[in-house]
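Me: Please take a close look at one part of this protein for me: the aromatic side chains. I want to know where they sit and what they pair with.

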Amino acid sequence: MYTPIKWYQPYVSTSDPCPPMRWKYYQTPPNLYLGFQPTGLPQYSLKEALCKGTLWPVLFDLDCQHKTRQFH
C-alpha cells in the first residue's frame, strides 16, 4: 500500500537565522501509483467529472482540489 504523504529531514545549518524545520511534508498525487489504466474502472457522471476535474474516482484527490482552488 502506498502512502500519499511523504516526509524528509532537511539540512539544518548552524548559521541559519530562522528557526529550523526538523521535518518537511509533501503530498503525492494518486496517479503516480496507477501504472496503467485498468479496464472497467468506475466513472463519475459527466457533470460530476467536470466539477472534480477527473473522470475516475481512483484519480480524485480532495487535497489537490483544495490547493488549486486556494491559489486561483
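Reply: Here is a walk through the aromatic residues, with the chain as a whole as background.

This is a predicted model. The protein chain has two helices and two strands. Along the sequence they follow the pattern β-β-α-α. Of the 72 residues, 11% count as buried. The accessible surface comes to about 6,400 Å². Carbon and sulfur atoms make up 61% of that surface.

Now the ring pairs. A search of the whole structure finds two aromatic pairs. One of them joins Tyr 8 and Tyr 26. Their ring centres are 6.2 Å apart. How accessible are the two rings' residues? Tyr 8 is partly exposed, at 40% relative accessibility. Tyr 26 is partly exposed too, at 42%.

Tyr 44 and Phe 60 also pair. Their ring centres lie 6.4 Å apart. Their planes stand at 90 degrees, so the pair is edge-to-face. It links distant parts of the chain, 16 residues apart. Tyr 44 sits in the loop between E2 and H1. Phe 60 sits in the loop between H1 and helix H2, which spans residues 62-71.

Are the members of this pair buried or exposed? Tyr 44 is buried, with a relative accessible area of 15%. That follows because buried means under 20%. Phe 60 has 22%, so it counts as partly exposed. Lys 52 lies over the face of its ring, at 4.3 Å from the ring centre.

Trp 7 is found in strand E1, residues 5-8. Trp 7 is exposed, at 53% relative accessible area. The cut-off for exposed is over 50%, so Trp 7 passes it.

Thr 28 is found in the loop between strand E2 (24-27) and helix H1 (46-52). Thr 28 counts as buried, at 9% relative accessibility. Leaving aside neighbours within four places in sequence, its contacts include an aromatic residue, Tyr 33. Thr 28 also touches Thr 3, Pro 4, Lys 6 and Asp 61.

Terms used. Residues are numbered from 1 along each chain as its sequence is written. This is a predicted model: local features need pLDDT of at least 70, side-chain atom pairs count only at pLDDT 80 or more; totals for chains, interfaces and linings use all residues. Side-chain values use heavy atoms; hydrogens and water are left out. Helices (H or I, at least four residues) and strands (E, at least two) are DSSP runs, numbered from the N terminus. Buried means under 20% relative accessible area, exposed over 50%, partly exposed in between (1.4 Å probe, protein chains only). Contact means heavy atoms within 4.5 Å. Accessible areas come from the Shrake-Rupley method with a 1.4 Å probe; for residues, only the protein chains shown count as cover. Rings of Phe, Tyr and Trp (its six-membered ring) pair if their centres lie within 6.5 Å; planes under 30 degrees apart count as stacked, over 60 as edge-to-face and the rest as tilted. A charge sits over a ring if NZ of Lys or CZ of Arg is within 6 Å of the ring centre and within 35 degrees of the ring normal.
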